Amino acid sequence: IVGCGLISFEIYKFTTALHTSIKNIYVFDQDKSRADQFAEKVKSRDGLTVNVCSSFEELASKAKLVSFATTAAQPYIHDISKFQSGSLVLNISLRDLGVETIRDSVNIVDDLDHVNRENTSVYLASQKLGNTNFVSGSLGSVLRGKTKLPNSGTIVFSPFGMGTLDMALAQFVYDIANVKHLGVRIPNFLPEPWTTRKD
């Protein structure tokens with residue numbers, strides 16, 4: 001996990017709930033106190049081993065599933081060899097990876113028109129390379145089996161986020177929950193500040 005804020009914590013919770021075999025977490029943040037806080041939250045919540053790394057390079061050498069959720073405004077990772085072969089990179093913050101890293105990866109997006117703007121890594125690569133041929137397909141094409149993912153190399157998933165997909169999924173979950181009488185009523189959506197949250 002690169003970038004130790006609330007978004008990364010939610011990604012961590014979802015990923016470890018889905019993949020219960022994960023036992024070791026590696027975290028890095030330029031502000032070490034944020035990485036330490038993140039590690040303590042994980043340990044107190046789930047008791048997993050959390051390794052606070054001193055650099056992105058250290059983290060990438062240990063983990064094949066890497067998630068970026070940072071406030072980076074410009075790319076700073078320009079060398080694909082920093083990642084292990086077979087790595088899956090979740091490019092959530094969209095601006096950490098340089099043109100060379102994007103060019104040399106297998107790129108999957110949620111929607112090319114959405115992600116190819118606003119100075120994202122994908123946009124910067126398309127401007128420098130003059131095309132979007134480096135994008136192998138969309139998440140939808142992967143799920144439908146139309147885009148095959150390789151067993152080696154680095155796969156980068158760059159999701160810009162699609163509100164209509166969020167609404168469709170929310171309606172689907174809501175309908176199932178109503179039929180099965182499941183769910184928890186949430187009184188409001190005003191979260192506690194990240195630094196004081198217990199979970």
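Modeller: Let's go through helix packing, an aromatic pair and strand pairing in turn. Bear in mind that this is a predicted model.

Biologist: Why are helix 1 and helix 2 called roughly parallel?

Modeller: The axes of helix 1 (residues 6-18) and helix 2 (residues 32-46) cross at roughly 30 degrees. Angles under 35 degrees count as roughly parallel, so that's the label helix 1 and helix 2 get. Their axes come within 11 Å, and helix 1 passes helix 2 in a right-handed crossing.

Biologist: Which residues in helix 1 and helix 2 meet?

Modeller: From helix 1 you get S8, F9, Y12 and K13; facing them in helix 2 are F38, K41, V42, R45 and D46. By class, that contact has 4 nonpolar, 1 polar and 4 charged residues.

Biologist: What makes Y12 and F38 an aromatic pair, and why is it edge-to-face?

Modeller: A search of the whole structure turns up 6 aromatic pairs. For Y12 and F38, the rings sit 6.4 Å centre to centre, and the cut-off is within 6.5 Å, so they pair. Their planes are 70 degrees apart; over 60 counts as edge-to-face, hence the name. Y12 lies in helix 1 and F38 in helix 2, so the pair ties together parts 26 residues apart in sequence.

Biologist: How do you know that strand 4 pairs with strand 3 and with strand 7?

Modeller: Pairing takes at least two bridges. Strand 3 (residues 65-68) and strand 4 (residues 88-91) have 4 bridges, in the parallel sense, with V66 opposite V89. Strand 4 and strand 7 (residues 155-158) are joined by 3 bridges and also run parallel; there, L90 stands opposite F157. Both cases meet the cut-off of at least two bridges.

Technical notes. Residues are numbered from 1 along each chain as its sequence is written. This is a predicted model: local features need pLDDT of at least 70, side-chain atom pairs count only at pLDDT 80 or more; totals for chains, interfaces and linings use all residues. Side-chain values use heavy atoms; hydrogens and water are left out. Axes are lines fitted to C-alpha atoms, for helices over the stretch in contact, and angles run from 0 to 180 degrees between N-to-C directions. Helices (H or I, at least four residues) and strands (E, at least two) are DSSP runs, numbered from the N terminus. Angles under 35 degrees count as roughly parallel, over 145 as roughly antiparallel, 65 to 115 as roughly perpendicular and the rest as oblique. A crossing is left-handed if the near helix is turned anticlockwise from the far one by less than a right angle, and right-handed if clockwise. Contact means heavy atoms within 4.5 Å. Ala, Val, Leu, Ile, Met, Phe, Trp, Tyr, Cys and Pro count as nonpolar, Asp, Glu, Lys and Arg as charged, and the others, Gly among them, as polar. Rings of Phe, Tyr and Trp (its six-membered ring) pair if their centres lie within 6.5 Å; planes under 30 degrees apart count as stacked, over 60 as edge-to-face and the rest as tilted.
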